[in-house]
Amino acid sequence: MSTYDRSMALTGQPPKSLSRNQKLATLLGMFGLVVLVLASFNFNFQNKTLWLSIAISAISIGVFWFSKEAYSEKFPGIKNDGVWFKSISSRGFWAWIAGIALTAFYIVLYFFPEYLGLVKDGGNKGVIALFDPLSRFLSGNPASQWFVYGTLYTVAILVFGIKFMWKYRHNRYERIRTISVMFFQTAFAFIIPELMARLNGDKILNGGSLPYYDLKNMWPLNYYNFEGYRIKGFLSSGDIGFALLIFGILSVFVISPILTYRYGKRWYCSWVCGCGGLAETAGDSFRHLSDKTVKAWKIERWVVHSVVVFVTLMTTAVIYSYLGTDTSKYWLTKSTFLIGMAVLLTSVFAWVMAFKRNELQKDAQYGAIGYFVIIMVLLGIHFFSGEGNVFLFKSETLRKSYSFLIGSIFSGVIGTGFYPIFGNRVWCRFGCPMAAILGFQQRLFSKFRITTNGGQCISCGNCSTYCEMGIDVRAYAQKGENIVRSSCVGCGICSAVCPRGVLKLENGPLKNRIEGNQILLGNDVDLMTLVNQK
Amino acid sequence: METIVIIGNGIAGVTAARHIRKLSNNRIIIVSAESDYFFSRTALMYVYMGHMQFKHIQPYEDWFWDQNNIELVNGYVTNVDTDQKQLLVDGARSLDYDKLIIATGSKPNKFGWKGQDLHGVQGLYSKQDLELLEVNAPNKDKCKRAVIVGGGLIGIELAEMLRSRDIPVTFLVRESSFWNGVLPEGESQMINEHILEHHIDLRLSTNLEEIIADENGRASAVKTDKGDTISCNLVGLTAGVTPNVKFLEGSKIELGKGVKVNHFLETNVKDVYAIGDCAEQHEPIGNRRPVEAVWYTGRMMGETIAQTICGNRMEYKPGHWFNSAKFLDIEYQTYGWVFGSKGRQSYESHFHWRHPKEKICVTVAFHKDTQQFLGINTFGIRMRHELFDQWLTNEKSIDFVMEHLVDANFDPELYLQYEKEILAKYNTDFSKSLKLKKKSNKRIFQLNI
Ligand SMILES: Cc1cc2nc3c(=O)[nH]c(=O)nc-3n(C[C@H](O)[C@H](O)[C@H](O)COP(=O)(O)OP(=O)(O)OC[C@H]3O[C@@H](n4cnc5c(N)ncnc54)[C@H](O)[C@@H]3O)c2cc1C
Ligand code: SF4
Ligand code: SF4
């Protein structure tokens, strides 16, 4: 229906085009990227420290400059003008180019690191070698493809985080949240683990060496945390190692449930998590591309909960595989462990069915029952068949396929590579088992909700459009209902873009949280009683 | 089972249909000439600004109507025969009804200006207007300047839209200050400033004299009553709206400005009802105007009429007045009544606070003698509807409201709050020494009280 020109120009035709300075800024950023690409084609940069600094500075300054041009002259407020006119943010030509480039990068990173310059049993080449000096400076070791990735990831969160804060400078919730995300990425995901690597072999670790550990990254997001080699690493590293292992377990079973109860899953998904961090910063320009249909919601629920089941089975199998059978050696044996798992899952299931059944939709109930039965049957099969493979497959097969399908393809290639096509939270919404578990708790047992402000909604649709999780926020708001959805990551953008001040993320009493008050205020009170009769 | 025909698929008609469906298995037919599916008129601006695509402003997915068995007819009703209980769609197809709901909304005012029907002159109301705007003002090269006539809510939205594409805008406002028929002085003043800082050429106390055509019959300039001639490629007419009821002339349904209805939303003809923008009350309700052209009232009338249609005759009794809008970057909310200079009773006193730097302000209206809280306007601060609704019902005093202001704050978490400053000013203005109550979840979420 619109008559403006849709062309391939990166700058977009009028009505929205880039200013001259923004074009220059884009060029500068691209230059930084080109340096990295040249390095991966083994262009020999003599002074690695210098060229790495040049590349990263060019990228960072490019993004800052671009953002300054975009936002500094404007008044604080919502900055979504022309989002659907720009090729890059409306699935146009440049969106596809960016999507393909990112996807290719992930495929190389996960499956062909040698193209980045990784050399088995030898000095690094290519772009990995470019990062050697930085890696040596931090951990004392040469870089790996993961170090390169980690560095670029952190740079992306930092520079796009600043862009984001500029864009939402009128919104203190968004600013503080972004500072938090930037901090956790830089300190916890990037610097601390590198520094921890320096301790390896040291006296304080009793000469042991710790596995690489991003402390904020908890199971099941780091599905590998309880694998045999890591447990060995932890246990061989003295008190510190043991403390870290305990922390890993506590964070899953104690810390995270408490925080989620008090604040909703946002405390993790949009304040701490690295995947969420990238989505909120670098991915912010793509948040409106998420699919809001009811169909997508159905698919989401099935896919993400299947991943939870998968990761639970896989982890159980893996832990099972390295446990012994002799109680005299170690109290935790194969059988005790499996019984423990069965008891844990049964109690969660029983609790939900007993107290929270009414808050689940019909298909969610069937799904829960179905999955519960499957897990129990699989556990049972093992028990009554004696030794053998748990869950019909070798634990190694399960682990490998999980790490390939979910860990690499889903979270990396699709989750991030397809930002410009499917939106920025595809992984968080459809794939992340951590998000599913936190979401389950958020829906059933948390103080968090998005309150709808009486009858003020004008059904404009900004909230739904800009919800990166594809939640149809408007569907609730226009009925005067609160939004209590397991997938909501509490990014606060729906509330920010609402032109009528209808939405507020807040923590309050559990009572009446979900039913809220389905009254559209301003109405005749008697009428409302009638409308609410079901 | 009866056949209910609804003319108009706006918020009023669609709400009526949804609620009738909830309450009954009547056959429901919605006729509209504007679009196949219901969309949110209030969000038209965001489509032009590129925040959303048109499909995003449709609140229900396309399968919704089928699934709920609501029949949609795309056509224009040209004739209503209340004796035969029959409509004529597009002059040809006839539709029989048992009950008829008229929900045809409004159309932009045109006051007989010279040149008002030229090419390049348009209002902003319908989907077609939006499409026309894409033709008339696609970008700043094709539209070198736009002149907007009429300083109301739609006018300022149109200005914001055009500015989003960097099109220079001149804004002719009849009043001496923006929207001061509704807003008190201080607030209206603040919005004037905000309009100017957005580089909109605001001309107060200025009327349109005539629109001048070029040789092709397109608008090329406007003349104001101040004697200025402003050349432009687009003239936006946003001087209010009137009910869209012309097609009913010649029918037996009584018309005034709109379709005349009683408090039960019934017209003079049996089984014919009118709701939304096009309904005109014989007797205004409270402080409300006889024709209420706002989203919320359309919705409430839709809910009310559904009850009546389904056998529970119900009076339209809206609760406390509320409304909201956004002036460029400034959000505005109001609860209860705060009058500008027009229509203010002698007993209505105001307390006003404005932030020293930011564009944030609050005006509270109260009864001079009884100290009863009457209403609040807030700019740049969001407020909690539920609490104000309750305070108005319970006829709280202004002192009570000022003390509990923290509870009512609805800004996002971590925002700076200004209740302290507001109360301090209140204390000084009225020589009081009230203390701010601490925020209480118990009061906010109304537990055990
Ligand atoms: C740009 C804009 C912004 C607005 N913003 C706000 C806001 O922020 N807050 C607020 O409260 N209000 C706002 N309003 C007002 C609000 O949109 C209206 O009050 C509301 O849409 C009226 O709803 P309705 O159902 O009565 O009529 P409408 O939405 O006008 O629907 C009537 C429908 O009937 C159709 N129709 C008319 N005659 C016939 C016929 N003879 N045959 C077939 N079909 C017919 C029309 O084409 C139209 O589709 C805004 C209005 C506009 C134009
Ligand atoms: S519902 Fe709102 S806060 Fe939750 S994820 Fe969507 S946009 Fe973010
Ligand atoms: S953005 Fe606000 S007004 Fe618009 S649909 Fe969502 S809640 Fe309603």
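How far from a polar backbone atom of Trp295(B) is an oxygen atom of ligand 1? The distance is 2.9 Å. This note begins from that contact and then turns to the two chains. The structure is a predicted model.

1. Backbone contacts of ligand 1. A polar backbone atom of Ile11(B) is 3.2 Å from an oxygen atom of the ligand, and for Val294(B) the separation between a backbone N or O atom and a ligand oxygen is 3.4 Å. Taken on its own, ligand 1 has 990 Å² of accessible area, of which the protein covers 95%.

2. Surroundings of ligand 1. The shell around this ligand comprises 33 residues, and the closest are Arg500(A), Glu34(B), Val77(B), Tyr125(B) and Asp277(B). Because the surrounding residues come from chains A and B, the site is shared between chains. Sorted by class, the shell holds 16 nonpolar, twelve polar and five charged residues.

3. Elements and domains at ligand 1. Four elements of chain B each contribute at least two residues to the shell: helix H1 (11-23), strand E2 (27-32), helix H5 (153-164) and helix H7 (295-309). At the level of domains, domain 1 (3-107 + 242-309) and domain 2 (121-239) of chain B each provide at least three residues of the shell.

4. Which residues lie around ligand 2? They belong to chain A, and among them are Cys467(A), Cys488(A), Cys491(A) and Cys494(A), together with Ile450(A), Met469(A), Gly490(A) and Leu505(A). The shell of ligand 2 consists of ten nonpolar and two polar residues, with no charged residue.

5. Surroundings of ligand 3. Around ligand 3 there are 13 residues, the closest being Cys457(A), Cys460(A), Gly461(A), Cys463(A) and Cys498(A). Helix H19 (462-466) and helix H20 (473-477) of chain A are the elements that give two or more residues to this shell. Its composition is nine nonpolar, three polar and one charged.

6. Chain A as a whole. Chain A contains 22 helices and two strands. Its radius of gyration is 25 Å, which agrees with the value near 24 Å that a compact globule of 534 residues would have. The C-alpha trace extends over about 75 × 75 × 35 Å along the principal axes. Of the 534 residues, 55% count as buried.

7. Chain B as a whole. In chain B the secondary structure comprises twelve helices and 25 strands. The chain is as compact as a globular protein of its length, because its radius of gyration of 24 Å is close to the 22 Å given by the globule rule for 449 residues. Along the principal axes, its C-alpha atoms fill a box of roughly 70 × 60 × 40 Å. The buried share is 59% of the 449 residues.

8. Gly367(A). Is Gly367(A) buried or exposed? Gly367(A) counts as buried, because its relative accessibility of 10% falls under the 20% cut-off. This glycine is part of helix H14 (residues 362-385) of chain A. In sequence, Gly367(A) and Val148(A) are 219 residues apart, and their C-alpha atoms are separated by 41 Å in space.

9. A cis peptide bond in chain A. The peptide bond that joins Trp219(A) and Pro220(A) is cis, with omega about 5°. Pro220(A) sits in the loop between helix H7 (172-199) and helix H8 (228-235) of chain A.

10. Positive phi at Ser459(A). Ser459(A) is not a glycine, yet its phi is positive, near 55°. Ser459(A) belongs to the loop between strand E1 (448-452) and H19 of chain A. With a relative accessible area of 3%, Ser459(A) is buried.

11. Positive phi at Glu395(B). In chain B, Glu395(B) likewise has a positive phi, about 50°, although it is not a glycine. The residue is located in the loop between helix H8 (385-393) and helix H9 (398-403) of chain B. Glu395(B) is exposed, because its relative accessible area of 54% is over the 50% cut-off.

Definitions and conventions:
Residues are numbered from 1 along each chain as its sequence is written. Chains are lettered from A and ligands numbered from 1 in the order in which they are written. This is a predicted model: local features need pLDDT of at least 70, side-chain atom pairs count only at pLDDT 80 or more; totals for chains, interfaces and linings use all residues. Side-chain values use heavy atoms; hydrogens and water are left out. A residue is near a molecule or strand if one of its heavy atoms lies within 4 Å of it. A polar contact is a pair of N or O atoms within 3.5 Å; within protein, one must be able to donate a hydrogen and the other to accept it, and residues adjacent in sequence count only if both atoms are side-chain atoms. Accessible areas come from the Shrake-Rupley method with a 1.4 Å probe; for residues, only the protein chains shown count as cover. Ala, Val, Leu, Ile, Met, Phe, Trp, Tyr, Cys and Pro count as nonpolar, Asp, Glu, Lys and Arg as charged, and the others, Gly among them, as polar. Domain bounds come from an automatic or database domain assignment. The radius of gyration is taken over C-alpha atoms; the globule rule is 2.2 Å times the number of residues to the power 0.38. Buried means under 20% relative accessible area, exposed over 50%, partly exposed in between (1.4 Å probe, protein chains only).
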